[in-house]
Amino acid sequence: MDRIQQQIQVGNDWSAKPVKFEYAAVTVADGVRKFTTLTSWENGVLNQYSEKTGCTRTANCTKIQ
């Protein structure tokens, strides 16, 4: 995958201070949850509800460390 490995800001003062990115797969220990938002109109008012619909499968998404 083509992902950013590091970022360097413009200017001489920042050239020696890069921001480095590391990527890893999500694990069960991370506890990533999946939510679904339900939206409805009731009496001219917008109501939104969130409900937990489970956990994402491990290695289904990545995290930046």
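Reader: Which strand holds Thr37, and what makes that stretch a strand?

Author: Thr37 is found in strand 4, residues 33–42. Strands here are DSSP runs of E with at least two residues, helices are runs of H or I with at least four, and both are numbered from the N terminus. This is a predicted model, by the way: local features need pLDDT of at least 70, side-chain atom pairs count only at pLDDT 80 or more, and totals for chains, interfaces and linings use all residues. Residues are numbered from 1 along each chain as its sequence is written, and side-chain values use heavy atoms, with hydrogens and water left out.

Reader: What does Thr37 touch?

Author: Not counting residues up to four places away in sequence, Thr37 touches Gln48, Tyr49 and Ser50. Contact means heavy atoms within 4.5 Å.

Reader: Why is Lys52 called partly exposed?

Author: Its relative accessible area is 48%. Buried means under 20%, exposed means over 50%, and partly exposed is in between (1.4 Å probe, protein chains only). Lys52 at 48% falls in between, so partly exposed is the label. Lys52 has its place in strand 5, residues 45–55, and touches Arg33, Lys34 and Phe35, again leaving out residues up to four places away in sequence. Lys52 and Arg33 are 7.2 Å apart, C-alpha to C-alpha, though 19 residues apart in sequence.

Reader: And Gln48, buried or exposed?

Author: Gln48 has 54% relative accessibility, and that is over 50%, so Gln48 counts as exposed. Gln48 lies in strand 5 too. Beyond its neighbours within four places in sequence, Gln48 is in contact with Thr37, Leu38 and Thr39. Gln48 and Leu38 are 10 residues apart in sequence, with 5.6 Å from C-alpha to C-alpha.

Reader: What is the phi of Asn43, and where does Asn43 lie?

Author: Asn43 lies in the loop between strand 4 and strand 5, and has a positive phi of about 55° although it is not a glycine. Most residues other than glycine have a negative phi. Asn43 is exposed as well, because its relative accessible area of 80% is over 50%.

Reader: How do you know that the charged end of Arg3 sits over the ring of Tyr23?

Author: A charge sits over a ring if NZ of Lys or CZ of Arg is within 6 Å of the ring centre and within 35 degrees of the ring normal. The charged end of Arg3 is 4.9 Å from the centre of the Tyr23 ring, so the distance is within the 6 Å limit. Lys17 lies over the face of Trp14 too, at 5.6 Å from the ring centre.

Reader: Now the whole chain. Which elements does the chain have?

Author: Six strands and zero helices. Buried residues make up 3% of the 65 residues. The accessible surface comes to about 5,800 Å² (Shrake-Rupley method, 1.4 Å probe), and 50% of that belongs to carbon and sulfur atoms.

Reader: Where is confidence lowest, and where is it highest?

Author: The lowest mean is 64, in strand 6 (residues 62–64), and the highest is 88, in strand 2 (residues 19–20). The score is pLDDT, the predictor's confidence in each residue, from 0 to 100. The chain averages 80, and 80% of the residues score at least 70. Where pLDDT is low, the predicted coordinates should not be read in detail.
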